[in-house]
Amino acid sequence: MRNAECGIAPRPAALTEGDEKVVMLSIKKSDLQIIVEHCNAGFPNEACGILAGRDGRVEKVYCMTNARPGPDYYEMDPEEQFRVMKDMRQEGLVMAGMFHSHPTGQAYPSSVDVEKAYWPGTELPNYPDAVYVIVSLTDRANPVVKGYSIDEGTVREVSLSVI
Amino acid sequence: MAIKVRIPTPLQKLTNGKAEVECSAKNVLELVDALEKDYPGMKERLSDGGKIRRFINIYVNEEDIRFANKEETVLKDGDSVSIVPAIAGGC
């Protein structure tokens, strides 16, 4: 289903289960619940957060403030982001991923998501090893959570392993 | 003692892979020029028309320069500057 209002990033032609889902992110069920609850709490606006971890495993979820809240936009509070990144460094964690909600859109990166994943005016990924987790709240009783890598102009689905 | 500048991953190609560099400057605009001198290409990445690009956050000793004096924010030896890309998006 294509979202009529949001620009959906072009899907790679070869996106299949077999040859594209090579990256995996492991996340605890309880952390997944924290993510979904934060997204639901932010509804009808987008909500966001940072997933800290190591070796492809989420160790800590930071629920962040959307500094420019809207139903179709998020921007992490810059000072909060700085504090969290410092906290992660001190704990020996890296940015395993980040999450945000699509209150009325599907769980797939929009063209704005892809554009903002790169350094302005370039195709250099800002956080090359991070998995972009998107929570679709189109059906709030059954949120859809999916992960993606965004690199070299290509969006690839990443397997989320709930442990 | 110089100013320490933390370089984000997408700009480390310009600094030969270094995640932290040192330079001297009296304010943020001078810092951009100093970085450009040592690492050509940096100015265009960081600024546009003398202003720091939107979606690029710069912190001086943990304070976002937007809440200080923006590009005129004063720097002194021993300061620590971090360049951090914003995390944003939207449906």
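I looked up the area buried between chain A and chain B (the accessible area, 1.4 Å probe, that two parts lose on being put together, summed over both); it is about 2,700 Å², and carbon and sulfur atoms give 63% of it. I noted that this is a predicted model, where local features need pLDDT of at least 70, side-chain atom pairs count only at pLDDT 80 or more, and totals for chains, interfaces and linings use all residues. Side-chain values use heavy atoms, without hydrogens and water, residues are numbered from 1 along each chain as its sequence is written, and chains are lettered from A in the order in which they are written.

I then looked up the contact (heavy atoms within 4.5 Å): chain A brings 33 residues and chain B brings 29 residues.

I asked which elements give two or more residues to the side of chain A that touches chain B. They are β4 (74-75), α3 (78-90), β5 (94-102) and α4 (111-116) of chain A; helices (H or I, at least four residues) and strands (E, at least two) are DSSP runs, numbered from the N terminus. The largest share, 7 residues, comes from α3(A).

Last, I looked at chain A as a whole. I found 4 helices and 8 strands, in the pattern α-β-α-β-β-β-α-β-α-β-β-β along the sequence.
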